[in-house]
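Open the model in your viewer and keep the selection panel at hand. This tour goes stop by stop.

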Amino acid sequence: MSAAVDTRPAAPAPAARVPSPLARRSWKAPITFGVLGLAALVLFGLLPSGGKETTFAIGASGTWFHLTDFTIPSKAGAIVLSLICLALAGYAAWRVRDGHKPGRWVGAVFGVAWVLAFLTWAVAGKSVSIVSLLQSSLVLAVPLAFGAMGGLLGERAGVVNIAIEGQLLTGAFGAALVASVTHSVYAGLIAAPVAGLLIGSLLALFTVKYRVNQIIVGVVLNVLAVGLTSFLYASVLKPNEATLNSPPRLQAVSIPVLANIPVVGPVLFRQTILVYLLYVAVVVLTISLFRTRWGLRVRAVGEHPLAADTVGINVQATRWRNVLLGSMVAGLGGAFFTLGSVGKFAQEMTAGKGYIALAAMILGRWTPIGSLGAALLFGFANALQLVLSVLDVPVPNQLMLMLPYLVTIVAVAGLVGRVRGPAAAGEPYVKE
Amino acid sequence: MSDEILPGATSPTIGMPQPEAPTPGAPAGGATSEDRAASMLRRIATGEIGVSVLAFVLALVIGGILIAAVDPDVTKAAGYFFSRPSDLLTAAWDSVTQAYSAMFKGAVFNPDAATFQQAIRPLTETMTVATPLIIAALGVAVGFRAGLFNIGAQGQVILGATLGGYVGFAWHLPVGLHLLVALVGGILGGAIWAGIAGFLRARTGAHEVIVTIMLNYVALYLLSYLLTTDAFTIPGSNQPTSPGVDESAQLPLLLGDWSRLNAGFIVAILAAVFVWWLMTRSVIGFRFRAVGSNPHASRTAGVSISTTIVLVMVTSGALAGLAGAVQILGTEKQLSAGIAGSLGFDAITVALLGRSRPLGIFLAGLLYGGLDVGGRVMEAATGTPIDIVLVIQALVVLFIAAPPLVRAIFHLPDPTAPRRAKVRPEPVVKGASA
Amino acid sequence: MKLELRGITKSFGPLVANDHIDLVVEPGQIHALLGENGAGKSTLMNVLFGLYSADEGEILLDDEERTFEGPGDALAAGIGMVHQHFMLVPVFTVAENVMLGHEATKSAGLLDLEAARTRVRELAARFGFELDPDAVVEDLPVGVQQRVEIVKALARDAKVLILDEPTAVLTPQETDELIGIMRQLRDAGTSIVFITHKLREVRAVADVITVIRRGRVVGSASPDAAETELASMMVGRAVSLSLGKAPAQPGDTTFEVRNLTVLDAAGSVVLDDVSFDLARGEILTVAGVQGNGQTELAEALLGLTPPIAGSVRLEGRDLVGLSPREVLDAGVGFVPEDRSVDGLVGDFTVEENLVLDLVHTPAYSRGGALNLGAIRRNAEHRIDEFDIRTQGPAQAAGRLSGGNQQKVVLARELSRPLKLFVASQPTRGVDVGSIEFLHRRIVAERDNGTPVLIVSTELDEVVELADRIAVMYRGRIVGIVPADTPRDVLGLMMAGVPQSEAEQQAAEHPTAGL
């Protein structure tokens, strides 16, 4: 080695990578916060007439101690909450001016305060149960979270799974049929992933083996799932509703001790087995993806399949396995519709939840925990709409129904922007 | 199909090792005329057209198996299969042929009809149903060829129908002008709706697949909300339907009262010609294709990617909106929550089936229209649920997208492989250019 | 381990990439595989590594026949490969990349990252370089990424190590360092296959040289052979290694770049206060190791990335703030560094590619409608003028060879009157014949009186074309020096050493002559 080497900076020390003070600052967050906060102040606080009160119920039976409802004056409450929002916007602006990022907690607190301001206004003169609102948020998040994890299993290995919708639908169908025939809700829970697998194996066959564009296959498989389940529903289930489409429902199971914690207990630990399976799935997947050999290889395949191939990892087999596994996870989520929610299969009953699951996956940055969080956000929007439609609030129901979709658009466009997913997702692997 | 459609413009490409420098134009050697004729035959049997036909046959066969499987007569015969196996086959054959022949009679030509008009009425009905499908599919195809997945044709159709319909029933303009303004209203509705997705994609990188899907639902609820307002409902009624569109805004019938076929069909033909010209003969289309094929090179060549993305989406949505307007001004005549049916989603499969080419889409649209119309007749005649049509449609597209699968099923040789004992994949030229 | 290849044949469709190739690599030997771009070297090694399956032929390790179904088998047999395009997962850490495929695990199947970190530190220490096991690969400079690749191969105890064009991304000094490592490995008994097209390196390091041309072994040579001898074996005819261009006749200075500063998306400075002048009829080449701001410089000049400070003046007009379209229309010809990504639309025909950035001009369209006749006539003319080997104007550009693709790009950019010509890596991945042709065209453009800016990481090309050389390091111009500056000095400057100091050091410690 020549002596010249010694004169170079020994370590890579990427000096040029240090963020420069000249770096462009993003004012997106403070501006969004400011506009929303101002809107809340005017619409929820200043414009409505005063004199009404809003009641938030936070108690539930069977907890260690009973929390009493609390009631606040609607107008004053909304004004105070809006001002908190504006204060957070100001704080964010101050942070950005100093060249920092506002911090994640700011967004979270802002969101809570803003939603509370909205609720204070919307249920003025009435009462809303926070516990049941959160409870149903979690329940409604179940298919979304399972779907999102089904999606991320595929995408982490480089296969975009647009067919989540189809997997949820066939899962719902399979669960209803098998649970009805066997009179066993557990048999239904086993049938759901198997039914999801049907769509998953077609997805793998066409995208991995035949390298057809993944988005196209996904979209077409969703059509196929709708056609197939609707056809079988109309020709087989409908004429035999009593025997083939009356599955037993999942019952809530209280977890001893934990279920008695106020607020948290009723929300998290008085749920069906499907919800507990979701907790398990999130934990297991998080560890598997980021702490095990399997996860490292899967992520390598999704980021740089050729590199994975050159160290002896079978790219195609990994993709097959992950797509199949993902479709089973999504299919399990489909059981929610028939065994957990409605109690029987109906045509196109998933109503686009699979696409929202896809959005939850992106919003959750392709991680199980993030997906769960995003699914909860969508579940909350959905639960809110259901609660408010019963309460006869001053917002048209159709506009509330739009909410989850609008939240998705804002989230994908504003919050996520150009997030980096697995680099090779969507790309078929061609070696020779 | 993958040679036409590339994933999103900002999607990264994987560095593939290139087989070193393919030498250009190394012809296989002197082919005799006999060879050439044989290879021509082989190409027809195994090439694009052949694969399309076989894919359709395959989808019909699978659909037939499903139809037979759920038929009560067939199930009954299956119960005593081992004593009289022929009964099962007869029952299955009957059930499938009855369903499919009902479909054909309902979609193309009814030989049992009393008059010629009645006999060909199914065909004109197919053309009527195909009209908005073709126009919307042309929109989807413009997106595909520019590398954008406009999954939101459904929402754009709804907006187009809403705006076009509103102009039709709420404004009262002179004959001629009224129809024109209503059509333009529909075009604007779709263009704006798709433009939102294009703008978000260009400005924030939000993937158009997610945004357009979400906008479908927003459009659906927006329409059902509008149908509760005074402006969109018949005064004094709380039915969620709008007043009928004025006579002056309706697309005139082409064949007289006995058929619903209207001038929308001519609009569809004009739209197909326009898209052909746009994509192959115009500077804008050149840029659309360039961005779809290689956004990086397009950017370096001075094409603004964001402007192009917005333009592509606006064009795509404008066509879908026109489809919505044609639907309401030609056949439906009044606005209801279900105005778009599943038009926007079907348009995606039609665009895929037509390989994003105007002529292909025109034919694929007629095929789909026929399946829909025939399916309804079949359901009424034989009790087979119309949903089987969706299954057949989805299968056709899947099979067409994977020619090797179709060839494998029918044991056909690969026309792209050199005629040798060993069949090997071609070198990846694509990886470099993507 | 002794490696022997017998009669390896591999074809892609009608193209025979390897035609009955025989090769023997003895243990503890550095065996150089010399050949032009496209000669079939990489294909051969991909066959050996199990990435491609051979149509015919045998692979023998220590005289025992082996078949490799995939790279996994090759790795298990003790073959390691450092790929030309690094096979590293960008978002993984160094340790994760090194352990991938043979991961150590703790109980319950959890990854044992600590073991991988230790292995990385061990190997780095053995070869005397520094490597942080927890650094994320995409944040590392290319030179360091290559160390990761080498460590990755060595962590599996490779007995045969294939190095595919390993020096393309290194400074001459880093190349010296690599050669040191290769000798160390050879002395420890590793067999090394060294793939390159650079004659100097072969002569410096190889024990045995095998020359490949058009998929066939055309002979072997001793490291003492003269460069011209090796070159003519490689190309198949006598080649003149120098362009022999006339001295520049610089005119007025029409292009001035002042204090140009550019940030990347993450806000880091990637182009730092760059200033230079360029006169009509002069070629300024920008030298530097890949990733030191050259790409950003070219992109900023075209208007692809807006600078945060500085000016770019062409004939008195400031180009900063103009869109790429406006810059091109202002008379700038631009050849991007990666032709297949940025230069061509592979699915488009040759004729379409030849008007890619001109299609809106009155020559090729009227009222928004394409003038297909004019586009065809232009293509026929350019194909003729630039000797583009194609089946015709309607052939897809992606199907052309690298050299012909590059000719398409250059033909397009040189097909109109220019006020400035900017070309990055104008001959990367191009065969020798085309290189000569392209270089002559560039010099001809200079002699037309156009200011020419060439960015190249190939030192040979830099020296060949330059009238003056600007050396870049970490986004800055280290110095602008005359074309006859010694390579040692250029190499040191490419590592960030200022000119005066570089000259002093080069005099004290002459390198291997690279």
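Start with chain B: the C-alpha centres of its domain 1 and domain 2 lie 33 Å apart. Select residues 48-107 + 384-414 for domain 1 of chain B and 127-368 for domain 2 of chain B; such bounds come from an automatic or database domain assignment. This is a predicted model, in which local features need pLDDT of at least 70 and side-chain atom pairs pLDDT 80 or more, while totals for chains, interfaces and linings use all residues. Residues count from 1 along each chain as its sequence is written, chains are lettered from A and ligands numbered from 1 in the order written, and side-chain values use heavy atoms, leaving out hydrogens and water.

Now show the boundary. Here 8 residues of domain 1 of chain B are in contact (heavy atoms within 4.5 Å) with 7 residues of domain 2 of chain B. The two domains of chain B bury about 690 Å² between them, 65% of it on carbon and sulfur atoms. Buried area is the accessible area (1.4 Å probe) that two parts lose on being put together, summed over both. Pick Gln393(B), Val397(B) and Ile400(B): in domain 1 of chain B they lose the most area to domain 2 of chain B, together 61% of what that side buries.

Next, select helix 5 (residues 116-145) and helix 9 (residues 264-281) of chain B. Their axes are 8 Å apart, at an angle of about 15 degrees. That makes helix 5 of chain B roughly parallel (under 35 degrees) to helix 9 of chain B. Axes are lines fitted to C-alpha atoms, for helices over the stretch in contact, and angles run from 0 to 180 degrees between N-to-C directions. Helices are DSSP runs (H or I, at least four residues), numbered from the N terminus.

The axes come within 7 Å and cross at roughly 135 degrees. The contact includes Ile134(B) and Leu138(B) of helix 5 of chain B, and Phe362(B) and Gly365(B) of helix 14 of chain B.

Finish in chain C. Select domain 2 (240-331 + 417-514) and domain 3 (351-416) of chain C. Their C-alpha centres lie 27 Å apart. Between them, about 1,400 Å² is buried, of which carbon and sulfur atoms give 64%.

Notes. Helices (H or I, at least four residues) and strands (E, at least two) are DSSP runs, numbered from the N terminus. Angles under 35 degrees count as roughly parallel, over 145 as roughly antiparallel, 65 to 115 as roughly perpendicular and the rest as oblique.
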